[in-house]
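Please look over the sequence and the model below before reading the briefing. The notes that come after are meant to be read with the structure open.

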Amino acid sequence: MIKSGRGGGNTRTGLVFEGKTDLTTFLNSKTGYKVEKDKVHFEGELVARVFKKHSFYSVFLKELGINWENCISRRLFPDDCIFVLTNNTLFIIECKFQQVEGSVDEKLQTCDFKKKQYQKLLSKANIDVEYIYLLSGWFAKPAYKDVLDYIHSVNCHYYFEYIPLTKLGLPIPQDEVND
């Protein structure tokens, strides 16, 4: 049932789920990466920018000259997002951690709407949008098969426990390539 990723060796080169994953902390822990403010450098070269919640609007959209109120009726606040320069793509990363049944179940069904809202926001800047769930193992249960199939059917993505750096278009540190 795990369609977009597995554990094992790939977890060293991906964003590992830790309950509340922080993209900046993860990238700073990788050889060659350095994140200062919202700028992500790999071996000294600017490769991406990261934003959380409000800074997506107050920094990123402001720099692009985009007034969200002219595009959508209500703001969405991403857990994490990363704008990767080389592929001109903004990856919205929503972390969903669950240990018992609850409201998160239904939130997984909103990815299509949210992705389209982000696409409306960034269409004038010609920036592509990808929407990714980073899920805890709870969601690998058979009871989630239909919703996970739905996520893929609307061109959104999910990963259990980690997201490969290559999915984001980010370089893999040399010391992790052969591991």
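The model is predicted. Its 7 strands form an open sheet of mixed pairing, in the order β2-β3-β4-β5-β6-β7-β8. The edge strands are β2 (33-36) and β8, each of which pairs on one side only, and from one strand to the next the twist averages 25°.

- Strand β6 (residues 89-96) has 8 of its 8 residues buried, so it is largely enclosed by the rest of the structure.
- Both faces of β6 are covered, with T89, F91, I93 and C95 buried on one side and L90, I92, E94 and K96 buried on the other.
- Strand β5 (residues 80-84) runs antiparallel to β6 and is joined to it by 5 bridges; within this pairing, C81 has I92 of β6 as its bridge partner.
- The two strands β5 and β6 form a hairpin with 4 residues between them, and N88 in the turn has a positive phi of about 50°.
- On the pairing of β6 with β7, the two strands run parallel and are joined by 8 bridges; C95 has L134 of β7 as its bridge partner, while K96 is partnered by L135 in β7.

- Strands β7 and β8 run parallel and are joined by 4 bridges, and Y133 stands opposite Y158 in β8.
- The chain passes from β7 through α5 to β8, and this β-α-β crossover is right-handed.
- Although β8 is an edge strand, both of its faces are covered, since H157 and Y159 on one side and Y158 and F160 on the other are all buried.
- Helix α5 is followed by N155, a residue whose phi is positive, near 60°.

**Helices against the sheet**

- The buried residues of helix α5 (residues 145-153) are V147, L148 and I151; seen down the axis of α5, these residues fall within an arc of 100°, so they line one face of the helix.
- This spacing can be read against the general rule that an α-helix has 3.6 residues a turn, so residues three or four places apart point the same way.
- On the other side of α5, D146 and S153 are exposed.
- What covers the buried residues of α5 includes α4 (111-122), β7 (128-135) and β8 (157-160), and α5 itself lies across β7 and β8, running at about 135° to β8.

**Nonpolar cores**

- The largest nonpolar core has 34 residues, and those with the most contacts inside it are F56, L90, L121 and L122.
- The elements that give two or more residues to this core are α2 (55-64), β5, β6, α4, β7, α5 and β8.
- Leaving aside neighbours within four places in sequence, L90 is in contact with F56, F60, C81, I82, F83, L122, I127, D128, V129 and E130.
- A second, separate core of 22 residues includes L23, F91, L134 and Y159.

Technical notes
Residues are numbered from 1 along each chain as its sequence is written. This is a predicted model: local features need pLDDT of at least 70, side-chain atom pairs count only at pLDDT 80 or more; totals for chains, interfaces and linings use all residues. Side-chain values use heavy atoms; hydrogens and water are left out. Buried means under 20% relative accessible area, exposed over 50%, partly exposed in between (1.4 Å probe, protein chains only). The arc is that of the directions from the helix axis to the C-beta atoms. Contact means heavy atoms within 4.5 Å. Two strands pair if DSSP finds at least two bridges between them. A crossover is right-handed if, with the strands pointing away from the viewer, the path from the first strand over the helix to the second runs clockwise. Axes are lines fitted to C-alpha atoms, for helices over the stretch in contact, and angles run from 0 to 180 degrees between N-to-C directions. A nonpolar core is a set of buried Ala, Val, Leu, Ile, Met, Phe, Trp, Tyr and Cys residues joined through side-chain atoms within 4.5 Å.
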